[in-house]
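Q: Could you walk me through this model? I would like to start with the terms and then move on to the details.

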Amino acid sequence: MENVVKMPSSFEAESYIIGCLLLFEDVADEVFGRITSKDFYYKENRTIIEAIEAIYNRKGIIDQVVVLDELKKNNKLEEAGGIENFYSIIGNIPSTANVEAYTHLIYQKSAERTLFNVVDSCSFKSWSWIY
């Protein structure tokens, strides 16, 4: 039986943050002041947040139409899970009440993955001298 390690992540928290950014642009400074697209684990979510982050860095307007256009312009819509995934994320956001908590959760999971990768790398290096 093969040991499979589930990397620390939260698909729900990532999706929630993306949805909040798409619906409530005013949370962008709070979100990008704490995390970046590199902290997102899931490919579809990372692709969307990269588009949002690029727009944010250009000081552009962040909304559904602009982000969708950014994804299409860069041929990244399918990588983002398609248009259905994009709109399903938006449909599940009731408010921005938990932005701070979910931003912290994404940061924490990212830090745990980084630590895991460092430990894994050290472990591999420490045994490599035997072979």
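A: To begin with the term for the elements, helices (H or I, at least four residues) and strands (E, at least two) are DSSP runs, numbered from the N terminus. By that reading, Asp120 is placed in helix H6, which covers residues 99–128.

Q: Before we go on, what kind of model is this, and how are residues numbered?
A: This is a predicted model, in which local features need pLDDT of at least 70 and side-chain atom pairs count only at pLDDT 80 or more, while totals for chains, interfaces and linings use all residues. Residues are numbered from 1 along each chain as its sequence is written, and side-chain values use heavy atoms, with hydrogens and water left out.

Q: OK, how many helices and strands does the chain have?
A: The chain has 6 helices and 0 strands, and from the N terminus on the order of elements reads α-α-α-α-α-α. Along the principal axes, the C-alpha atoms fill a box of roughly 55 × 30 × 30 Å.

Q: And what share of the chain is buried?
A: Of the 131 residues in the chain, 37% are buried, where buried means under 20% relative accessible area, exposed means over 50% and partly exposed lies in between, with a 1.4 Å probe and protein chains only.

Q: What about contacts in the chain, how many join residues at least 24 apart?
A: Taking contact as heavy atoms within 4.5 Å, 70% of the contacts between residues at least 6 apart in sequence join residues at least 24 apart.

Q: Let's turn to packing, at what angle do the axes of H4 and H5 cross?
A: The axes of H4 (residues 64–73) and H5 (residues 82–90) cross at roughly 155 degrees and come within 12 Å. That makes H4 roughly antiparallel to H5, since angles under 35 degrees count as roughly parallel, over 145 as roughly antiparallel, 65 to 115 as roughly perpendicular and the rest as oblique. The axes are lines fitted to C-alpha atoms, for helices over the stretch in contact, and the angles run from 0 to 180 degrees between N-to-C directions.

Q: Which residues make that contact of H4 and H5?
A: On H4 they are Gln64, Val67, Leu68 and Leu71, and on H5 they are Ile83, Phe86, Tyr87 and Ile90. By class, the contact of H4 with H5 has 7 nonpolar, 1 polar and no charged residues, with Ala, Val, Leu, Ile, Met, Phe, Trp, Tyr, Cys and Pro counted as nonpolar, Asp, Glu, Lys and Arg as charged, and the others, Gly among them, as polar.

Q: How do H1 and H5 cross?
A: The axes of H1 (residues 11–23) and H5 come within 8 Å and cross at roughly 85 degrees, and therefore H1 and H5 are roughly perpendicular to each other. Ser15, Ile18, Gly19, Leu22 and Leu23 in H1 meet Phe86, Ile89 and Ile90 in H5, and the residues of this contact divide into 6 nonpolar, 2 polar and no charged.

Q: Last one, where is Lys59, and what is its phi?
A: Lys59 lies in the loop between H3 and H4, and its phi is near 65 degrees, a positive value in a residue other than glycine. Lys59 is exposed, with a relative accessible area of 76%. Asn75, in the loop between H4 and H5, likewise has a positive phi, of about 55 degrees, although it is not a glycine.
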